[in-house]
Amino acid sequence: MRTQDIVIVGAGPAGLTAAIYARRAGKNVLILEGESFGGQITHSPKVENYPGFPVISGMELADKLTEQVLALGAEIELDRATGIETAGGSFLIHGEAGDYEARAVIVAAGSHHRTLGLPGEEELVGNGISYCAICDGAFYAGRDVAVIGGGNTALQEAVMLSERCASVTVIQNLPTLTGEESLAAILRTKENVHFLFSHTVSGFIGKELLTGLRLRDREGKECEIRVDGVFVAIGQVPENGPFADLAELDERGYFASDESCTTGTPGLFVAGDCRRKQIRQITTATADGAVAALAACRYLDDLASRDR
């Protein structure tokens, strides 16, 4: 088994940026990715807040990052990391397809969609329930849909759906939206977009195919709305479980690391949406990638100097 200088777990913006900086520092780099390159950014039809690109699709931005990483000579293995253990001054990374050894590790595992956790939700995924408008929005052209959530992701999905659906109902459990005002302003101009504030989803209507939602307001009063599809956009859950024994997690499951991207385990670094942070944007993920990579490079250089 060949020992890499750095193994990066995750090929989202944080992991790919870490690979760029590590390769430019002359380190051998292997990226492990269990799904697709780009992470959650690939679900964004329009990215308008990434420097240098007034408008670009998330998929295109992910492709450009991946091409840059490969051009610099980083290796990519399509394998999902299932755990990491220390092994005599280095790390052994376990994957579903094999094991990998590295002197330093950067975990940029990202996060996955948070579900509502209601009865029937799993059975209705793909039959009226979706977590990705760019993936499934076309199936609901000319139909009535709902978007659950009031943050940036929910508002972005609502904007996209409003361009093809008969109506879009944004359901927010708070009295106001929490996403960017620029997105909210766009939605307020849409005649086919409606808002339901201070309501939560209490149940799904339909067994084999979604036909509507049961809602509950803050006073406990329930009502029903008829929709053909619902897009759930209520946040993310970090993918940190397999690595919890090596680094401290906070109460929400995020790595309890600061802007230095370091952990209590020497040689283990974290970056991106899997880390505790106040702002989760593409730019903060790429910033983490740069910080974590440079910290890992310094760690390796210090080891090499001590061995001389």
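**Ground rules.** I worked from a predicted model, in which local features need pLDDT of at least 70, side-chain atom pairs count only at pLDDT 80 or more, and totals for chains, interfaces and linings use all residues. I numbered residues from 1 along each chain as its sequence is written, and side-chain values use heavy atoms, with hydrogens and water left out.

**Helix H5.** I looked up how well helix H5 (residues 152-162) is covered, and found that eight of its 11 residues are buried. Helices (H or I, at least four residues) and strands (E, at least two) are DSSP runs, numbered from the N terminus. Buried means under 20% relative accessible area, exposed means over 50%, and partly exposed lies in between (1.4 Å probe, protein chains only). The buried residues of H5 are Ala154, Leu155, Glu157, Ala158, Val159, Met160, Leu161 and Ser162. I then listed what they pack against, with contact meaning heavy atoms within 4.5 Å. Their helix partners are H4 (133-136) and H6 (181-188). Their strand partners are S9 (144-148), S10 (167-171), S11 (193-196) and S15 (229-232).

**Cysteines.** I searched the whole structure for disulfides (pairs of cysteine sulfur atoms within 2.5 Å) and found zero. Cys261 is buried, with a relative accessible area of 0%. For Cys297 the closest cysteine sulfur is in Cys261, and at 13 Å this is also too far for a bond. Cys297 counts as buried too, at 5% relative accessibility.

**Salt bridges.** I counted a salt bridge where a side-chain nitrogen of Lys or Arg lies within 4 Å of a carboxyl oxygen of Asp or Glu. The count came to 12.

I noted Asp5 with Arg103, whose closest N and O atoms are 3.1 Å apart. This pair links distant parts of the chain, with Asp5 in strand S1 (residues 3-9) and Arg103 in strand S6 (residues 99-107), 98 residues apart. Asp5 is buried at 14% relative accessibility, whereas Arg103 is partly exposed at 38%.

I also noted Glu96 with Arg80, at 3.7 Å between the closest N and O atoms. Glu96 sits in the loop between strand S5 (90-95) and S6, and Arg80 in the loop between strand S3 (75-78) and strand S4 (81-87), 16 residues apart. Glu96 is exposed at 59% relative accessibility, and Arg80 is partly exposed at 34%.

My last entry here is Asp288 with Lys277, at 3.0 Å between the closest N and O atoms. Asp288 belongs to helix H7 (residues 282-307), and Lys277 to the loop between strand S17 (268-270) and H7, 11 residues apart. Asp288 is buried at 2% relative accessible area, and Lys277 is buried at 13%. Salt bridges with shared partners join Glu259, Arg275, Lys277 and Asp288 into one network.

**Aromatic pairs.** I paired rings of Phe, Tyr and Trp (its six-membered ring) if their centres lie within 6.5 Å; planes under 30 degrees apart count as stacked, over 60 as edge-to-face and the rest as tilted. The structure holds four such pairs. One of them, Phe269 with Tyr299, is edge-to-face, at 6.2 Å centre to centre and 70° between the planes. Phe269 lies in strand S17 and Tyr299 in helix H7, so the pair ties together parts 30 residues apart in sequence. Phe269 counts as buried at 6% relative accessibility, and Tyr299 counts as buried at 18%.
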